[in-house]
Amino acid sequence: MRILVHDYSGHPFQAQLSRELARRGHDVVHSTCTAYVSGKGNLASDVPGLRFVTIGDSTALRKEAYFHRLRQETLLGLELARQVRRERPDVALLSNLPIPVLVVAAAVLRRLRIPWVLWHQDVTAVALKSFAAADVAKSMGVAARVFGAGEKWSARRASAIVVIAESFVRIHRQWGTSGKVTVIPNWAPLDEIVPVARANAWSDEQGLSGVRTLLYSGTLGLKHNPVLLVRLAERLRDRGTAVRLVVVNDGPAVPVLREAAATRGVDLTLLPFQPYERLPEVLGSGDLLVVLLAADAGEFSVPSKTLSYLCAGRPVLGLMPADNLASQLLHQAGSAVFPPEESSLDDASAWVQQILSDPARAESLGKESRALAEREFALEDCASRFEDILRAVSRAPAR
């Protein structure tokens, strides 16, 4: 098959899937958006039959200027449409696209009669509704309705849909699209994100070797209340356990964290997203890794950083909804999850203090994390399920 995979974010496991499909003899073009700033995976061609291409090379996204961003994302959708027209794949797989990009791509794929699969990573309409409810922006209420209609229209145009958790099925039942849904949970690349020594070259470069460190690495929006990270470090200090908080992130949370840490006297290291090949060293430099997820993102978002953390073999603290799939994984690995609220920080800091003061337990939790990842994230079965779906869709008439 000639397969076009577009993963807007450029995340690691989507690229790993493309690499595996190419190893199985398919001609794969893996497309990503360089304008979207995030932790990227290995996007270098190292397998015959696989090419990496991009859109958005000349675009600087203005994430907080919503109307300007709408125009930018519509133009990115047109750029992706031109890419599809050039490549003429037998089938396409689309992941993590903002709704304007998705709607334009769906319309063009329909016109070209190219069947495609929606790899549904997040229900955008639900996320926007929660933004509106949180009063992040008044216009979000209107955007939620408009984008929700676009997301549903696109889902109906897809020949098949892959969702990452059972909770998504309820939404697709409401949309009348549940009959073509398959649930395949996300994973992380076991062979690329491996446990490393706590003291490593990266921790030496950052002055973190021998420094007790809480580490957060990944996307972090304002709605996730990033100040909780600072307050967690503050509680630990007040309990007599001084830590350095390290946050690897680019985005609007950075100045908020900087100001909160300065106000509260918390030791903070802020770093931009690091090269993917150094991610094992980055995650290995944390004595404990932290996941943060907003309370109302429980059902429809599974933070992929959690999966990477498990691969890295470190204890993990989740400040996140208990019903999130990632919370269930952390519980299975013996790590702890608390609600993402200020009122949880006493219990959360007490748990962190216990782990940091007991190296044997921390090591045991790290081993449990890695063992769980090795049980859950085997690529071969996931790739076979995607291959079966893509093959079936490529033989069916486009919708």
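1. At roughly what angle do the axes of helix H8 and helix H13 cross, and within what distance do they come? The model is a predicted one, in which local features need pLDDT of at least 70 and side-chain atom pairs count only at pLDDT 80 or more, while totals for chains, interfaces and linings use all residues. Residues are numbered from 1 along each chain as its sequence is written, and side-chain values use heavy atoms, with hydrogens and water left out.

2. The axes of H8 (residues 227-238) and H13 (residues 345-356) cross at roughly 60 degrees and come within 9 Å, which makes H8 oblique to H13. Angles under 35 degrees count as roughly parallel, over 145 as roughly antiparallel, 65 to 115 as roughly perpendicular and the rest as oblique. The axes are lines fitted to C-alpha atoms, for helices over the stretch in contact, with angles from 0 to 180 degrees between N-to-C directions; helices (H or I, at least four residues) and strands (E, at least two) are DSSP runs, numbered from the N terminus.

3. On the H8 side of this contact (heavy atoms within 4.5 Å) stand Leu 228, Arg 231, Leu 232, Arg 235 and Leu 236, which meet Leu 345, Asp 346, Ala 348, Ser 349, Val 352 and Gln 353 of H13. By class, the residues of the contact of H8 with H13 are six nonpolar, two polar and three charged; here Ala, Val, Leu, Ile, Met, Phe, Trp, Tyr, Cys and Pro count as nonpolar, Asp, Glu, Lys and Arg as charged, and the others, Gly among them, as polar.

4. H13 also meets helix H14 (residues 359-376), and their axes come within 6 Å and cross at roughly 100 degrees, so the two helices are roughly perpendicular to each other. Trp 351, Gln 354 and Ile 355 of H13 make this contact with Pro 359, Arg 361, Ala 362 and Leu 365 of H14, and the residues divide into five nonpolar, one polar and one charged.

5. In helix H6 (residues 167-175), the buried residues are Phe 168, Val 169, Ile 171, His 172 and Trp 175, where buried means under 20% relative accessible area, exposed over 50% and partly exposed in between (1.4 Å probe, protein chains only). Seen down the axis of H6, these buried residues fall within an arc of 160 degrees, so they line one face of the helix; the arc is that of the directions from the helix axis to the C-beta atoms. Arg 173 and Gln 174 are exposed on the other side of H6, and the helix is followed by Gly 176, which has a positive phi near 80 degrees.

6. Helix H11 (residues 304-312) is mostly covered, with eight of its nine residues buried, among them Lys 305, Leu 307, Tyr 309 and Cys 311. The buried residues of H11 pack against several elements, including strand E8 (213-217), helix H10 (279-284), helix H12 (325-332) and H14. Just after H11, Gly 313 takes a positive phi of about 70 degrees.

7. Arg 88 lies in the loop between helix H2 (66-87) and strand E4 (91-95) and is partly exposed, with a relative accessible area of 42%. Asn 96 is placed in the loop between E4 and helix H3 (99-112) and counts as partly exposed at 27% relative accessibility.
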